[in-house]
Amino acid sequence: MAAARNLVNLKDVGKGFGSRPVLRDVTLGVSVGDRIGIVGRNGDGKSTLLRLVAGMEEPDSGVVTRAGGLRIALLGQRDQLDGGRTVREELVGARADHEWAADAAFRAVLDGLLGGVGVSGLPDGMDTAIGTLSGGERRRIALAHLLLDRPDLLLLDEPTNHLDVEGVDWLARHLAARRGSLLVVTHDRWFLDAVCTATWEVSDTAIHQYDGGYAAYVLARAERDRQAAARDDRRRQLLRKELAWLRRGPPARTSKPKFRIEAASALIADEPEVRDRVELLRFATARLGDRVLEAVGVSLAFGERRLLRNVTWRLGPGDRVGLVGVNGSGKTTLLRLLAGELEPTSGTVERGATVRLAHLSQEAAEIPGHLRVLESLEEVRGSATLSDGREITAALLCDRFGFRGERARTPVADLSGGERRRLQLMRLLMGEPNVLLLDEPTNDLDIDTLTSLEDLLDGWPGTLVVVSHDRYFVERVCDDVYALTGDGGLRHVPGGIDQYLVELHETAAEPAALGRHKPPPSAGATQRAARKDMRRIERELERLGRREAELHDEMAASATDHVRLGELNAQLGALAGELRSFESEWIEAAETAEGQ
C-alpha cells in the first residue's frame, strides 16, 4: 500500500522567545488523513507549533515545508472576526439563501453549532451583527466559518472552549467523519479519544509522538517513564491513578494502542479504585451530618422566562454530582441558588448547620494584585488537612498546580487569565470547604493540572456539584449525573452523559418523525402559512432591493476601475437571480393565500 502523502514537514525546527527556547530540533510531519491531538503544559509551545505549521510564525532555525496548493485554516484562541459584519456576511457571503440552505453539509454545521438554519440561538438570526455577540457566540461563528470552508488541513486551538457537552459531542462526531487532516490543541481528554488517531506531547522543547488518542498516550507515557526509571515520584503516582481509571473504564478507552500494553498495565495490577467511596462517605457524614443542601419546590423566573419550575433536589454528605443541560437551561443559575447568591421566586433552599460552602463561578474573583501567588494562598490558610489526616501546605499546592519555584513568587497582577483562574480554585481549596460548587472548573487548565485537581478531589471528603463541558472530568470526579430538561425540570440520569446525549438526540428527532406522519394541514392553515411566507419574502425583497441600489452606487463610483466594475457587475447578476427567485416564490405564496 502506498504511503500517505505528506502535507507539512518540519525538519530540525527551533523556536524561542527572548532567551527562552520553546521548541528545539523538532522533526516531524503531517500526512493526508492524520488527526493529531497536541497536549502539554500551558506555555510549553503548543500554540506556537500550530502557528509554525500554518506559516503564521517563522522558525528561528530549521525548515518548514508545505505541499503545493495546500489549503490551511487555523482557529486560534482569539478569533479574527470583523465586528462590523453580520453572521450572514461571515458565513454565507454572496450566496443566495436557497443555495446554502439546500446544502446538507452547510445545514449540518449550522445545526451542530448555531441552532439550525434559522440560527435560532442568536437574537436576529443570520442578520445578527457580530459585534453584539458574546465571546462564546463569536467562537461558534469562527468555528463554523472554518468548517464550512473545508480546508485540507484544519488547525484548532482549544476548539471546545465555550461549547457545552452537546456541542462537544457534535464537534467530535463531525471531525471524526470529516475528510481532511487535523491538528488540535485541547485539554479535553474525552475529545482526544473520540477524534484523534495520534497524540503529540510538547514537553521540554521536544515533541514526543504516540499512536492513538488520550488513553493510548497515558499508557505509552507510563511505559516511557517506567523504562527511563522516572525520577519524579509524584508524576508516576498520578499516572498510575490515570491508568487505574482507564483500566476500569469502557474497553474503547484502551483500544488499538500500537505498543506493548502489558508493561504499563503491570504498573496498576494491584492499584485500588481511584477513590475509596466508603471511607469518603464516612468522613463526609462526620463533617456534614445528614443534611447538606435541600432545594424544595424551587421556581425561578426572569420576567416571562422561567428557568426552574417546582424543582426539588436534596444533596447529601459525600454526593458527587455532575450537572448537565443545554446552554441556557439554568445550570449556572441553579449553582447560584444553592450558593445563596440568588433567591428563588418560590420554594426554599436550606443548608445544613455545618456546611462550609465554596463556589467557583465563571467570573474571575478579584485577588489583590500586589500579593504574590504563594502569599495570596497563605492569606487564606497556610495549610489544609486532607481526609486521611495528611496536611497539604500552600507551597505544595502551588507546586501541584503548576506554580513551581520562582513562579510561586509571581505577582498576581502579572498572571494571565488562565493562571488567575487556577489561583482562584486553589484559594477555594485552601479554605477547607466541605461543599464545593464548581462552574466550568476545567477552563484554561492543561492536562497535568487537571490530573492534579482530580487527584486532590479523590481524597476530598465533601459534597461536590460540577457544571462542565469536559465530559472526561465529569465522569472522572462525579458518581452521578443530573440533567436540567430545558423546560424548568431536573431529573436523575443513571446512565450518565452517554444516556443524556442519546435521549437528547432522540428528543430532537421526534418532531421530524411526527411531521412525517401528521395529517395534511387544513385549507385555512395553508393560507395562513402562505401569508406568513409572503411577509418573509417581502422582507427579503426589501433587503435585496437595498443591496441592488448600493451596487449601482458603487458601480457609478468605480466607472474608471474596470476590474472592480467587473466584480460589481457579477454581484449584480447574482443578485438579479435571487430577486427573480424570491419574486416567483411571492407569486406562488400570494396565489395560495388567496385560495386559487
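**Notebook: salt bridges and aromatic rings**

I looked up the salt bridges and found that the structure holds 25 of them, a salt bridge being a side-chain nitrogen of Lys or Arg within 4 Å of a carboxyl oxygen of Asp or Glu. I note that this is a predicted model, in which local features need pLDDT of at least 70 and side-chain atom pairs count only at pLDDT 80 or more, while totals for chains, interfaces and linings use all residues. Residues are numbered from 1 along each chain as its sequence is written, and side-chain values use heavy atoms, with hydrogens and water left out.

**Salt bridges**

I looked at Asp-169 and Arg-173, whose side chains meet in a salt bridge at 3.1 Å, N to O. Both residues lie in helix H6 (residues 165–177), 4 residues apart, or about one turn of the helix; helices (H or I, at least four residues) and strands (E, at least two) are DSSP runs, numbered from the N terminus. Asp-169 is buried because its relative accessible area is 7%, where buried means under 20%, exposed over 50% and partly exposed in between (1.4 Å probe, protein chains only). Arg-173, at 44% relative accessibility, counts as partly exposed.

I then turned to Arg-491 and Glu-503, which form a salt bridge with the closest N and O atoms 2.6 Å apart. Arg-491 lies in strand E20 (residues 490–492) and Glu-503 in helix H18 (residues 496–517), so this pair ties together parts that are 12 residues apart in sequence. I also recorded a network in which salt bridges that share partners join Asp-169, Arg-173, Arg-471, Glu-475 and Asp-498.

**Aromatic rings**

Next I looked up the aromatic pairs, of which the structure holds 4; rings of Phe, Tyr and Trp (its six-membered ring) pair if their centres lie within 6.5 Å, and planes under 30 degrees apart count as stacked, over 60 as edge-to-face and the rest as tilted. Tyr-214 and Tyr-217 form a tilted pair, with 5.8 Å centre to centre and 50 degrees between the planes. Both of these tyrosines lie in helix H8 (residues 214–227), 3 residues apart, and both are buried.

Where does the edge-to-face pair of Tyr-214 and Tyr-472 stand in distance and angle? I read 5.5 Å centre to centre and 85 degrees between the planes. This pair links distant parts of the chain, with Tyr-214 in helix H8 and Tyr-472 in helix H17 (residues 471–477), 258 residues apart.
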